[in-house]
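Welcome, and please open the model in your viewer.

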Amino acid sequence: SQDVAVPMPGEAVRISVRLDDPDGLDEVFLWASVDGAPFEATRMTEGSRDRFTAEVPGQAAGTLVHFYIEASDLEGVSSFAPAGGPNARALYTVQDGAGSTSGLDDLLILMTEADSDWLHTDIHLMSNDLVGATVVYEDREVFYDVGVRLKGSQRGRPTAARVGYGIDFRDDQPFR
C-alpha cells in the first residue's frame, strides 16, 4: 500500500507491505520505475508487526511510477507483491491538476504508456483482452493490478470523447 493515493509534486511516497514467512525473511526490496525508466531497487526497512517500508522520492507533476516489492526468505525463495512483480500493475501518478471538475465521482485509470498504446492501437480497438492498470477512486482508494478494456461501438472506441472502459476488479478487493 502507499501512504497517499495521488501525491503532490515533490512529495515522497511511502510504500509499505506486511510480510510473514515461516522460514524467516532475508531481504525485502521496493522496485520502482519512473516514467518507464528501468526499475531501481531500494531496500525496505522492517518496522513493527512485520511491516516493511521504503520511500519513493518526490517527482514532478504528471509523473507515473510503477512499483512492486520483492522479498526473499532465508531458504533463498523469492516472491512478489503484487504477485506478478514487474508484470503486475501497481502504479501511481503525481497530481497534475487534471482531475474531474464535473462533481461526479472521480475514477482515475493509470496505465503504463506501452499498455495504453497497445489498448488504443487500431488493430486492438475491438479486443476484449484485459490490460493491466491501477484504478484510484476519489483520490483515496487504490485498486492495484486490475484489468481494463475498451468498451463501446467500433465507431466510438477511437474517439476520446465517446470511448468507454470496462474494468475487471480483483475478487480480493471489489469496487464498492
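Before selecting anything, keep one cut-off in mind: a residue is called buried under 20% relative accessible area, exposed over 50%, and partly exposed in between. Keep in mind, too, that this is a predicted model.

**Stop 1: a charged pair between β2 and β3**

Select Glu27 and Arg43. Their side chains meet in a salt bridge, at 3.3 Å from N to O. Glu27 belongs to strand β2 (residues 25-34) and Arg43 to strand β3 (residues 40-43), so the pair links distant parts of the chain, 16 residues apart. Is Glu27 buried or exposed, or does it fall in between? With 28% relative accessibility, Glu27 counts as partly exposed, because that value falls between the 20% and 50% cut-offs.

**Stop 2: a second pair, from β1 to β5**

Now select Arg14 and Glu55. Here, too, a salt bridge joins the side chains, with an N to O distance of 3.4 Å. Arg14 sits in strand β1 (residues 13-18) and Glu55 in strand β5 (residues 51-56), so this pair ties together parts that are 41 residues apart in sequence. Colour the two by accessibility: Arg14 is partly exposed at 39% relative accessible area, and Glu55 is partly exposed at 42%.

**Stop 3: a buried pair**

Move on to Arg89 and Asp115. What joins their side chains? A salt bridge does, at 2.6 Å from N to O. Arg89 is in the loop between β7 (78-81) and β8 (90-93), while Asp115 is in helix α1 (residues 113-120); the two are 26 residues apart. Both Arg89 and Asp115 are buried. The salt bridge count for the model comes to 4, and the pairs visited so far are among them.

**Stop 4: the open sheet**

Next, show β9, β10, β11 and β12 as a cartoon. These 4 strands form an open sheet in the order β9-β10-β11-β12, with antiparallel pairing. Which strands lie at the edges? They are β9 (107-110) and β12 (164-168), each of which pairs on one side only. Look along the sheet for its twist, which averages 45° from one strand to the next.

Two places to check are Val131, which stands opposite Val148 in β11, and Ala133, whose bridge partner in β11 is Val146. The hairpin of these strands has 3 residues between them, and in it Glu138 takes a positive phi near 55°. On to β12: β11 and β12 run antiparallel and are joined by 5 bridges. There you can find Arg149 standing opposite Gly166 in β12.

**Stop 5: Tyr144 and its surroundings**

Stay on β11 and select Tyr144, which lies in that strand. Tyr144 is buried, with a relative accessible area of 14%. Which residues does Tyr144 touch, leaving out those up to four places away in sequence? Its contacts include Ser1, Phe67, Leu91, Thr134, Arg170 and Gln173.

Finish with two distances. Between the C-alpha atoms of Tyr144 and Ala90 the separation is 5.0 Å, though the residues are 54 apart in sequence. Between the side chains of Tyr144 and Gln2 there is a polar contact of 2.6 Å.

Key. Residues numbered from 1 in each chain as written. Predicted model: local features only at pLDDT ≥ 70, side-chain atom pairs only at ≥ 80, totals over all residues. Heavy atoms only, no water. Pairing = 2+ DSSP bridges. Axes fitted to C-alpha atoms, helices over the stretch in contact; angles between N-to-C directions. Buried < 20%, exposed > 50% of the residue type's maximum accessible area, 1.4 Å probe, protein only. Contact = heavy atoms within 4.5 Å. Polar contact = N/O pair within 3.5 Å; in protein donor to acceptor, adjacent residues only side chain to side chain.
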